[in-house]
Amino acid sequence: KRYYCDYCDKHLANNASQHKSHLCSAGHAKLKANHHAKFRQPDEILLTDSGKKPCRNFFNTGQCQFGQLCKFSHLTDAEHCKLVDQAAKLKAQQDPVQLLCQAQAAFDKWRNKLQSSSNTDFVASGANEAANAK
């Protein structure tokens with residue numbers, strides 16, 4: 001049997017020493033970091049890149065040999081602004097107070113519609129029939 005590394009797209013002999021040396025290699029670490037970088041949230045990217053200086057190689061040549069493992073930032077000003085906007089939108093969508101207010105408003109709307117219905121006996125008899133069916 002052979003060991004297959006998804007990150008590196010390589011088949012290796014399935015012995016402990018080769019497996020360990022592959023997992024500790026710089027090439028594997030770089031490819032693994034690049035894979036996981038695809039799934040990072042905007043606020044997470046901003047947090048990790050906030051204290052970094054710009055990467056000279058990346059901004060001069062458009063590429064960096066270290067990739068996601070580089071200790072310098074590869075974000076341009078335009079990308080930084082885009083990430084700030086995305087992070088703000090995600091935070092607004094996930095704000096629990098806002099979600100609670102939306103749920104409360106939907107419930108109030110439903111309750112008011114139910115109370116203003118002129119045929120409340122029909123609604124009550126439907127509820128009784130549903131309870132009796134159980």
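This is a predicted model: local features need pLDDT of at least 70, side-chain atom pairs count only at pLDDT 80 or more; totals for chains, interfaces and linings use all residues.
Residues are numbered from 1 along each chain as its sequence is written, and side-chain values use heavy atoms, with hydrogens and water left out.

Let us stay with Ser73 for a moment. Ser73 sits in the loop between helix 4 (56–61) and helix 5 (77–94). Its relative accessibility is 7%, so Ser73 counts as buried (buried is under 20% relative accessible area, exposed over 50%, partly exposed in between, with a 1.4 Å probe and protein chains only). Leaving aside residues up to four places away in sequence, Ser73 touches Asp49, Lys52, Lys53, Pro54, Cys55 and Phe59, where contact means heavy atoms within 4.5 Å.

Asp49 counts as buried because its relative accessibility is 15%, whereas Lys52, at 29%, is partly exposed.

What does the UniProt record say about this stretch? It places the feature "zinc finger region: C3H1-type" at residues 49–77, in an unreviewed entry; UniProt positions are given in the numbering used here, feature names are shortened, and annotations may be inferred rather than shown by experiment. In the model, the end C-alpha atoms of residues 49–77 lie 12 Å apart, and the span is 28% helix and 0% strand.

Now step back to the chain. It has seven helices and two strands, in the order β-β-α-α-α-α-α-α-α along the sequence; helices (H or I, at least four residues) and strands (E, at least two) are DSSP runs, numbered from the N terminus. Of the 134 residues, 15% are buried. The chain exposes about 10900 Å², with 55% of it supplied by carbon and sulfur atoms; these areas come from the Shrake-Rupley method with a 1.4 Å probe, and for residues only the protein chains shown count as cover. Among contacts with a separation of 6 or more, 37% are between residues 24 or more positions apart.

Between strand 1 (2–5) and strand 2 (10–13), the loop holds Asp9. Asp9 has a positive phi of about 60° although it is not a glycine. Most residues other than glycine have a negative phi. Asp9 counts as exposed because its relative accessibility is 57%.

Our last stop is helix 6. Arg111 forms a salt bridge with Asp108, with the closest N and O atoms 3.3 Å apart. The two residues are three apart in helix 6, so about one helical turn separates Arg111 and Asp108. Arg111 is partly exposed at 35% relative accessibility, and Asp108 is partly exposed at 23%. The count of salt bridges comes to two.

Leu114 is also in helix 6 (residues 96–116), and at 31% relative accessibility Leu114 counts as partly exposed. Together with Phe107 and Trp110, Leu114 forms a nonpolar surface patch with about 300 Å² of accessible area. Patches are made of residues with over 30% relative accessible area and no salt bridge, with like charges joined within 9 Å and nonpolar side chains (Val, Leu, Ile, Met, Phe, Trp, Tyr) within 5 Å.

Methods: A salt bridge is a side-chain nitrogen of Lys or Arg within 4 Å of a carboxyl oxygen of Asp or Glu.
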